Amino acid sequence: MGILWAIISWIIIGAIIGLVARALMPGKQAMGLGSTIILGILGAIVGGFLGGLFGGAGISGIMSNPWSIGTIVLAVIGAIIVMVVYGLVAGRSNRA
């Protein structure tokens, strides 16, 4: 049951983080629920990596305590970074 709970937990956390990041990001993001969940999970990974660079627990901290406020804040920051980078890359490919 441990791995199943971990997967369900990451889906729920990904949805929450993705929704919060989309609400904080100006403009309209045309994303469905699946894309929002993926955004949140990628944001958690990027946020954990950034936290590790600045002396935090990093990705292992996110894996061990995904429901802490610090983890969620880092994940939201990571998700916003992912949205900005995606917007820049998608914007360039649309102009070409």
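I count a residue as buried under 20% relative accessible area, as exposed over 50% and as partly exposed in between (1.4 Å probe, protein chains only). By that cut-off, 33% of the 96 residues in the chain are buried.

Before going on, I noted that this is a predicted model, where local features need pLDDT of at least 70, side-chain atom pairs count only at pLDDT 80 or more, and totals for chains, interfaces and linings use all residues. Residues are numbered from 1 along each chain as its sequence is written, and side-chain values use heavy atoms, with hydrogens and water left out.

**Overall make-up.** I found four helices and zero strands in the chain; these are DSSP runs numbered from the N terminus (helices H or I, at least four residues; strands E, at least two).

**H1 against H2.** How do the axes of helix H1 and helix H2 cross? I see H1 (residues 2–24) and H2 (residues 33–53) come within 6 Å and cross at roughly 95°. The axes are lines fitted to C-alpha atoms over the stretch in contact, with angles from 0 to 180 degrees between N-to-C directions. H1 is therefore roughly perpendicular to H2, a label for angles of 65 to 115 degrees. Contact means heavy atoms within 4.5 Å, and the residues making it include Trp 10, Ile 11 and Gly 14 of H1 and Leu 39, Gly 40 and Ile 41 of H2.

**Ile 11.** I then checked Ile 11, which lies in H1. Ile 11 counts as partly exposed because its relative accessibility is 40%. From Ile 11 to Ile 41 I get 7.7 Å, C-alpha to C-alpha, across 30 residues of sequence.

**The core.** The largest nonpolar core has 11 residues, among them Trp 10, Ala 21, Leu 39 and Met 83. Such a core is a set of buried Ala, Val, Leu, Ile, Met, Phe, Trp, Tyr and Cys residues joined through side-chain atoms within 4.5 Å. H1, H2 and helix H4 (69–95) each give two or more residues to this core.

Conventions
Angles under 35 degrees count as roughly parallel, over 145 as roughly antiparallel, 65 to 115 as roughly perpendicular and the rest as oblique.
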